[in-house]
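Thanks, everyone; let me put the structure on the screen, and then I will walk through a few of its elements.

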Amino acid sequence: MELFELTIHELHDRLKRKEVSSVEATRSCLDRIEAVEPQVNAFITVTPEEALAAAEAADRRIAVGDMDILTGIPVALKDIFLTRGVRTTCASRILENFVPPYDATSWLKLKERGAVLVGKLNQDEFAMGSSCESSAFGPTRNPWALDRIPGGSSGGSAAAIAAREATATLGTDTGGSIRQPASHCGCVGLKPTYGRVSRYGVIAYASSLDQVGPVARDVADCAAMLGAVAGYDPKDSTSVDLPVPDYGKALAKDLKGVKVGLPREYFIPGLDPDVKKALDEAVDTFRRLGAEFREISLPHTDYAVASYYLIATAEASSNLARYDGVRFGHRAAGAKGLQEMFARSRDEGFGPEVKRRIMLGTYALSSGYYDAYYLKAQRVRTLIMQDFIRAFADVDTILTPVAPTPAFRVGEKTSDPLQMYLSDIFTIPVNLAGTCGISVPAGLSSEGLPIGLQLIGRPFGEETILRAAYAFEQATEWHNHKAQI
Amino acid sequence: MKITQAEVEHVAHLARLELTDEEKETFTGQMDAILAYVEKLNELDTSGIVPTAHAVPMENAFRDDVETPSIGVENALANAPDRVDGFFRVPKVIE
């Protein structure tokens, strides 16, 4: 078995027993990246020299026994994470040559443990998208079928895991951007509770919704990554000061006494038959593991997409105001005045989806419309949160599909933005409610495309969803299937 | 029509985006469709519901007023499109 095929836990064992070195594992990933990138395009920037230097340093630590689960492990980061000295673009022309002067806290935590950065991953521009098609650096392809999207916005993260280009990755999730690509690419993706992981150094899209999380090979790897990056950060005033549990200890193989909710609003008549079949079979598996099911209602589900596309775009219009060509990023050439410089720099630097969302958000916040749109959406957000609070009085976790269909074809939905937005229906409510959710492989479609299932947990209930996801994973074979690339 | 091209031009100015004529036309149509969709929020009676600005029950995240090093002038200017000494240079601000 090639080193690039190992999970974090498998590689860690071999590193610990000195059977392999981090340099060998890193070289294996770098060779793999070179081999498949022409087809996959998961990376915007690959960092071979820095990676090998970091791997050598990791090997020196391992030699003296100074190691933990992530030391020497090749990782890749969505290009939304600031990496000091390494170009960070957020998949936008407006940051095409931006080299950050500081590290994101979540990356710094991995770096301090000796993780090895192999490169920065492709995504939808400024995390705005569900298909990785809005990247200024070309779309990433789904390794399971190269004519399909990998999902978005963390499409590069999920594709890199599916194509075995990195052992583990980090992504971000604002409306489903970790969970949906994980589902489309047959890997595990977890969005923690809002405030669980620091957003310091993560390029902001929608500040009340953005969260950092792992996209990895299996649930145990996800647990390890989450444990490494979670925790209070004084540099992020929205991070929550709660102790970080040992997520690995939460993993169990049975679900006796665990109450699972099935929300009737998610199991709609139009659900793709392959998705429905995978979820039905999953319910049977959960029952065999000892879980008890309750039908629940999340009555405001149908309003989540509308609420999200007002709140997220409003916050984005504010967050992206900083890209003005003054201090960093693209500046239009030959502008004769300040206003022209602003307007042309932004028009030249931003792609159409980003402009569309800035426009929507600006409109929703503008005088005369603020109450009708932004404030209204925030009130609906409260109703959605209350739906979850009520549900979690009766159940421990909620089981839902992740996406209404398996991965669609590149180009299939780009002409109708609204159609694209509507496909986020199952993931968005979790972000609005600020709680946690995990996507885990649950089947393959009749065309051989991965289908994931989502487990939603209470705020700071990551242990419960990790436990349920692990038990399900270990009772099925889906995590052993891999893309033939 | 939920939004006219004139309104789109006004919003583009607020957002400091210089759109081409083609972009203005496309965005008008697309924004119109999206704004028509979000009208469904008006199906809900939200009188008396407090808006949620922040998902986690937290307030007043303070820190001690202690000076700590900042990133420094060189780091701050490292990505400057145009600089002069320790300053960012921009087109004339005041006519």
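The buried residues of helix 11 of chain A pack against helix 9 (304–319), helix 12 (371–391) and helix 13 (417–422) of chain A, together with helix 1 (5–14) and helix 2 (21–38) of chain B. This is a predicted model, in which local features need pLDDT of at least 70 and side-chain atom pairs count only at pLDDT 80 or more, while totals for chains, interfaces and linings use all residues. Residues are numbered from 1 along each chain as its sequence is written, and chains are lettered from A and ligands numbered from 1 in the order in which they are written.

Helices (H or I, at least four residues) and strands (E, at least two) are DSSP runs, numbered from the N terminus; a residue is buried if 20 or more other C-beta atoms lie within 10 Å of its own, with C-beta atoms placed from the backbone, and contact means such C-beta atoms within 7 Å.

In helix 11 of chain A, 12 of the 14 residues are buried, so the helix is largely enclosed by the rest of the structure; among them are Arg356(A), Arg357(A) and Tyr363(A).

Turning to strand 10 (residues 436–444) of chain A, eight of its nine residues are buried, so this strand too is largely enclosed by the rest of the structure. Strand 10 of chain A pairs (at least two DSSP bridges) with strand 5 (residues 188–191) of chain A in the antiparallel sense, over three bridges, and Gly189(A) has Ser439(A) as its bridge partner. Eight bridges join strand 10 of chain A to the antiparallel strand 11 (residues 450–457) of chain A.

Definitions and conventions: Two residues are in contact if their C-beta atoms, placed from the backbone, lie within 7 Å.
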